[in-house]
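Take a moment with the picture before reading on.

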Amino acid sequence: MTSIPKLAQVAQSHKSAATTVLQKIRTSYPASSRIPDAFFGVIILLSAISVFAIVVLVAYELVEKSQLSLHQFGIKFFYGHDWDPVNDSFGAMPFIYGTLVSSFLALLLAVPASIGVAVFITEMCPQRLRAIISFLVELLAAIPSVIYGLWGIFVLAPLLREYVQPFLAKTLGWTGFFSGPMYGLGMLAAGIIMAIMVVPVIASITREVMTAVPQNQREAVLALGATRWEMIRMGVLRNARIGIVGGIILGLGRALGETMAVTMVIGNRPEVSKSLFAPGYTMASVIANEFTEATGDLYLSALVEIGLALFIVTLIVNALARLLVWTITGGAARVRA
Amino acid sequence: MRWPGCWSGPSPAALRGCVPNSVTASASQEVSLWRRLTDHGATAFAVSAAVLVLIPLLAIFIYLVIKGIGSVNITFLTQTPKPPGETGGGMANAIVGTGLILAVASVIGLPLGIGSGIYLAEYGRNRFGDLIRFTADVLNGVPSIVMGIAVYSLIVIRQKHFSAFSGGVALGIMMIPTIARATEEMLLMVPNVIREAAYGLGIPKWRTTLSISLRTASAGVITGCMLAFARVAGETAPLLFTAFGNQFWNLKLNQPTAALSLQVFTYAISPYDDWHKQAWAGALILILLIVGAVAAVRIVTSRGMLKGGA
């Protein structure tokens, strides 16, 4: 057995002293506990590895199934305008355009609103309301995409067609962004629906990083005679900005991959149009609409390639966002002191 | 400074209110009009942002109830869909189908999710753990439609037909990262002394983890599981080319199956008025299922042992 001075030395040399000592002692455990322990460890390790394996498997399947299209079109796939299943000619440009424009529009609307909500909840809201409002904002995230779509078709789109679009056309029609026939359904509707869906993502991260800013930062700025807004701006938002950017990027990731609600309201026409009233198409919605109807191998492969592109983009976007958020909240594993 | 001016008033009552008053008065006189305006402007902006965000939430729930409640009746809950154009029929098969798919998803998602969570909390305080943690977050961000494609090519192509099983696999995979991170976070909240006490009694690690740490954290872990469950319950995109949908009864795992979310989608984009009504009714049932799960979790955790932890 280990001697007492040796134990003390071990205890000092490690952060979690007790655990180490226990490990030392537990080596003398009978096989009847060591074998189940090892067995348990292996099972747990396997389930952890499964997470990693799933991501690898998804990537592999996507790459493998899109080989045909990758070889046929190469890089031209991403700037070709032609989407013509009959002649086996595929270019994803209109979908990429639609995804980028609708996501950008969504962020444009969602970012100020989410930061406003987060500021309200963390800095202004009475204590009692705080839990209720953050619960309600979280509830927005719990509503399924398909219900947003349903609401978009039957409530939002008529509202846009009757009131919002005529108003926008009259006041801002000269910009070219708000012109043309008003269907209600289209890029604008998709942007608005997606903005509503992205708000809880950005707001919850923003709230988290704002809460992570130490209280004495606020007190210091207030003590210098700042107004509340100046305190929020200089003491809180400035310190939390990297995390907020991370939250915005995370929201972008959500927006890029959003499928059902967008498919239901965007109008599904593969066109590149400057006007936000015009129908569009996104990468996710073309997959949703055409995947089961894709007859030829090349057609299917082209759709999988769009999926692969979506996968890679959201992978990068999410990785970036997580790294940014982690720099604020203190690492992937928040170890309890 | 105006500070000494405060003492000019003789009455003690005035004096009591005097110090804070004079401080705020002097402060507000020093604060320029512009700074005061921006301060009020920012407050107004934040308040209106909060109101603006909550409006769609209320609107969606109000419309769901108004438009949905009229079509939820015994026919809707017990019958299968009628052919296109005919009125009547219901979504009974879709409700059961959703249950079937979610059962498969839970069988896959719960053990793998909780298992990875245990790994991350109890074994994974190292570089490999960080890798798994990072992968889980990445997996969480993978668009659901992409997950649908992957499961399609992994299972549907091999099986040569759509099935409830493949739909369940797609949703189960999507549950894993949420559950894993929730389990990890909750296990980390269990004080180390409890583990040490168990080791001290000679209880092996596996038993300590399962019967003591996990049990202590159970309220939080259940919360995580229910949230993951609620999240995938409404998923539609990954089911489009896995479970596929079905107008008839199906209780077999290897056959195409209807799901509430799929049915809502199909009915919403259809041209029939009666189907639109049923889409609202289906959506209402779906949201009740999800909100019910989330609310149940709130109640359990607010009374549970990890109060405030979730």
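Here is a short tour of the contact and of a surface patch.

This is a predicted model: local features need pLDDT of at least 70, side-chain atom pairs count only at pLDDT 80 or more, and totals for chains, interfaces and linings use all residues. Residues are numbered from 1 along each chain as its sequence is written, chains are lettered from A in the order in which they are written, and side-chain values use heavy atoms, leaving out hydrogens and water.

**Where the chains meet**
- Chain B brings 89 residues to the contact and chain A brings 84, where contact means heavy atoms within 4.5 Å.
- Together they bury about 7500 Å², 79% of it on carbon and sulfur atoms; buried area is the accessible area (1.4 Å probe) that two parts lose on being put together, summed over both.
- B:Val53, B:Ile60 and B:Ile149 supply 8% of the area that chain B buries against chain A, more than any other three residues.

**Charged links**
- There are 3 salt bridges between chain B and chain A, each a side-chain nitrogen of Lys or Arg within 4 Å of a carboxyl oxygen of Asp or Glu.
- B:Asp137 and A:Arg322 meet through their side chains in a salt bridge (3.7 Å, N to O).
- On the side of chain B that touches chain A, helix α2 (residues 33-69) gives the most, with 19 residues; helices are DSSP runs (H or I) of at least four residues, numbered from the N terminus.

**A surface patch**
- The largest share of the nonpolar patch, 6 residues, comes from α3(A).
- A:Leu45 lies in this helix, α3 of chain A.

Notes: Helices (H or I, at least four residues) and strands (E, at least two) are DSSP runs, numbered from the N terminus.
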